[in-house]
Amino acid sequence: MVERSPILTMICHLVLLGGIVLVCLPLYFAFIAGSLTMEEVQQVPMPWLPGGHFLENLATAWIKADFGQLLLNSFIVAIGITIGKVAISLLSAFAITYFRFRFRILAFWLIFTSLMLPVEVRIVPTYEAVANAALPIQWMADFLNIQGLWEWISGSRIEITLEWNMLNTYQGLILPLVASASATFLFRQFFLTVPEELLEAARLDGASAMRFFWTILLPLSRSNIIALSIILFLYGWNQYLWPLLFTTEKDMATAVIGVKHLIPRSDTEPAWNVAMSGALLVMLPPVLVVLIMQRWFVRGLVDSSK
Amino acid sequence: MVATTHEPGLKHAHFQTAGLPALLLLPQLLILLFFFFIPSIRALMQAFLLTDPFGASVHFVWFDNFTALFASDSYRNSIWVTIWFTLAQNVVTIAVALVLAFATDRVVRFQSGYKSVILLPYAIAPVIAGVMWAFLFNPAVGPIAFFIKALGFQWDPNRNGSDAMLLVVLAASWKHICYDYIFLVAGLLAVPRSLMEAAAVDGAGPIRRFSQIALPLLGPTLFFLTTMNFVYGFFETFAIIDAVTRGGPAGATNILVYKVYQDGFVNLDLGSSAAQSVLLMTFALLLTLLQFKYVERKVNYSI
């Protein structure tokens, strides 16, 4: 900076240390609680130094919440959401920026509108759509009165009931969260900065549209894709509302839901030690991702929020 | 075919292949249709219908669901709870993030170390943040609850509404400070050094330079963050509420999104839940428009 002022610098370090304490305090106590026995965790005041039962509690949590299966589900869902979102956003952004077609502006606005509608606000209708994805077609059939029409033509009665239940399936957990206006706009923004000459040169060499996409555009977007993928992985891993609603079978739930079921309620035994070790276990993968991919993570965060 | 005409948002050199763009857009549009547009239209329709819980009879009731909502004490309570919750969360988050960002901008040593740690909560699921804070403040075993009681205060978020509110505000802010922080650090980095140096030559100290030069330049960022904090408070804190208080005690932390869930899934009052959805959608729409109108492209991020 411009001038030296050791006192202010000192205060700044203290402030930042305070910030670190603030961030780490819950994590530290979660670790302490996770390493104690149930009797120790209920002592008042609780011990401030870790005990020796961390692995034991972890094992209890692992069995109690079936984390083996749940962590696998979380990985499948988080990776599915990430790949799905990146793929369909890349394709839509490519279509919108590199093709001239009649409904280009309409498609753009349809995607744009979805940005304004957080999924959280339509809990019941979205649940219905997942419980039976064929429902819209059914509504259409009812509306057009196809049954009545058939009865009139053939004289015999038929019952049309369509069903495609996605509850307790991976696609039910992934698909509703895969549409992404913000990722589409991120890629659109990036594609607009790609030099015009690249496409012209590719054309001279006789490349088709998809070939241009695969061999030129995709490699150029690599760093954007990585940065965004990190954010999307965290988003997918940390989802709560939809797994809570869409999974009624225990072994289709995600790890985050598993932690919630470990929280002691007033009528259960206060196994906070098990709950805390479970919480630490489930937060580990996303925390590692952020720590390892720090540089990309910040880029992805700042880019995708624009 | 490659053509070269100009059209906003379209590359000068572009393809005119018919059919292919439709194919490329198909996955996105299909998913939007099934999980965004149809459910939204359903919500809009249901909001004007009265359905009994078993779906046996349906009546068109005009605005009855909406008038019933505004007449109900629990909904009005939920509105106030949401306003207080988001406001408090917003103030705490921005204030703490500003102080931390200012300090980060000043220090040279350990800067990236500080940043890495302060960013960590972003990686942690809201529900897990909620579980940890619920433990810290648990009146029977929580270490912080022990201190509060040792200082002579009453503390029981399971019975006392304001204790519960304080707890969810703390947990929600803890989870979200890192977000505001990273944008503010990026914003401070973008403040022209020459401007700061000129002010220093004119005798302005570090605090004065921050408040009179950096802060006004951060204005658009702060506005963007405020909007994002409202979006976060309104829609993304569902998991924290569910883990920490379940909307209680006696509705003291029953924010609007949680109420949509409770009325729709627990009480099976579909018409009311849909009407609440429609109100929330309207609100989300307003927030997004605000965000685009004032903030788009005015914030300079280069980190």
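I take buried to mean under 20% relative accessible area. I note at the start that this is a predicted model.

**Entry 1: helix 6 of chain B**

I began with helix 6 of chain B, residues 143-150. Which of its residues are buried? I listed B:Pro143, B:Ile144, B:Ala145 and B:Ile148. Next I looked up what covers them. The cover includes helix 5 (126-136) of chain B and also helix 1 (6-34) of chain A. I then followed the chain past the helix. B:Gly152 comes after helix 6 of chain B, and its phi is positive, near 95 degrees.

**Entry 2: annotated spans**

I turned to the UniProt record. For chain A, the unreviewed entry gives "transmembrane region" at residues 7-31, 75-99, 106-124, 173-191, 212-237 and 274-298. For chain B, the unreviewed entry puts the feature at 20-38, 45-63, 83-104, 116-136, 164-192, 213-235 and 274-292.

I checked some of these spans against the model.

- Residues 7-31 of chain A are 100% helix and 0% strand, with 35 Å between the end C-alpha atoms.
- Residues 274-298 of chain A are 96% helix and 0% strand, and their end C-alpha atoms are 33 Å apart.
- Residues 116-136 of chain B are 71% helix and 0% strand, with end C-alpha atoms 24 Å apart.
- Residues 164-192 of chain B are 90% helix and 0% strand, and 44 Å separates the end C-alpha atoms.

**Entry 3: the interface of chains A and B**

I looked at how the two chains meet. How many residues of chain B are in contact with chain A? I recorded 109, and they touch 114 residues of chain A. The buried area between the chains is about 10,500 Å². Carbon and sulfur atoms give 77% of that area. In chain B, the residues that lose the most area to chain A are B:Lys11, B:Phe15 and B:Phe35. Together they make up 8% of what that side buries.

I went on to the polar side of the interface. There are 16 residue pairs in polar contact between chain B and chain A, both at pLDDT 80 or more. The salt-bridge rule finds two across the interface. One that I looked up joins B:Arg42 to A:Glu128, with the closest N and O atoms 3.1 Å apart. Helix 1 of chain B, residues 20-46, supplies the largest share of the side that touches chain A, 19 residues. By class, that side of chain B divides into 80 nonpolar, 17 polar and 12 charged residues.

**Entry 4: A:Thr97**

I picked A:Thr97, which lies in helix 4 (residues 67-98) of chain A. Is A:Thr97 buried or exposed? It is buried, because its relative accessible area is 0%, and the cut-off is under 20%. A polar atom of its side chain lies 2.7 Å from the backbone oxygen of A:Ala93. Leaving out residues up to four places away in sequence, A:Thr97 touches A:Arg188, A:Phe191 and A:Leu192, along with B:Gly9, B:Leu10 and B:Lys11.

**Entry 5: B:Ile94**

I moved to B:Ile94 in helix 3 (residues 73-106) of chain B. B:Ile94 is buried at a relative accessible area of 15%. Beyond four places in sequence, it touches B:Asp180, B:Leu222, B:Leu225, B:Thr226 and B:Asn229. I also took a C-alpha distance. B:Ile94 and B:Tyr179 are 85 residues apart along the chain, with 9.7 Å between their C-alpha atoms.

**Entry 6: salt bridges**

I searched the whole structure and got six salt bridges over all chains.

B:Arg193 pairs with B:Asp105 at 3.9 Å between the closest N and O atoms. B:Arg193 sits in helix 8 (residues 193-201) of chain B and B:Asp105 in helix 3 of chain B, so the pair ties together parts 88 residues apart in sequence. B:Arg193 is partly exposed, at 37% relative accessibility.

B:Asp156 and B:Arg159 form a salt bridge at 3.2 Å. Here B:Asp156 counts as buried at 18%, whereas B:Arg159 is exposed at 71%.

B:Asp263 meets B:Lys259 at 3.1 Å, N to O. Both lie in helix 12 (residues 256-266) of chain B, four residues apart, about one turn of the helix. Are B:Asp263 and B:Lys259 buried or exposed? Both are buried.

Technical notes:
Residues numbered from 1 in each chain as written. Chains lettered and ligands numbered in written order. Predicted model: local features only at pLDDT ≥ 70, side-chain atom pairs only at ≥ 80, totals over all residues. Heavy atoms only, no water. UniProt positions renumbered as here; feature names shortened; annotations may be inferred. Helix = DSSP H or I, 4+ residues; strand = E, 2+ residues; numbered from the N terminus. Contact = heavy atoms within 4.5 Å. Buried area = accessible area lost by both parts, 1.4 Å probe. Salt bridge = Lys/Arg side-chain N within 4 Å of Asp/Glu carboxyl O. Polar contact = N/O pair within 3.5 Å; in protein donor to acceptor, adjacent residues only side chain to side chain. Nonpolar A, V, L, I, M, F, W, Y, C, P; charged D, E, K, R; others polar. Buried < 20%, exposed > 50% of the residue type's maximum accessible area, 1.4 Å probe, protein only.
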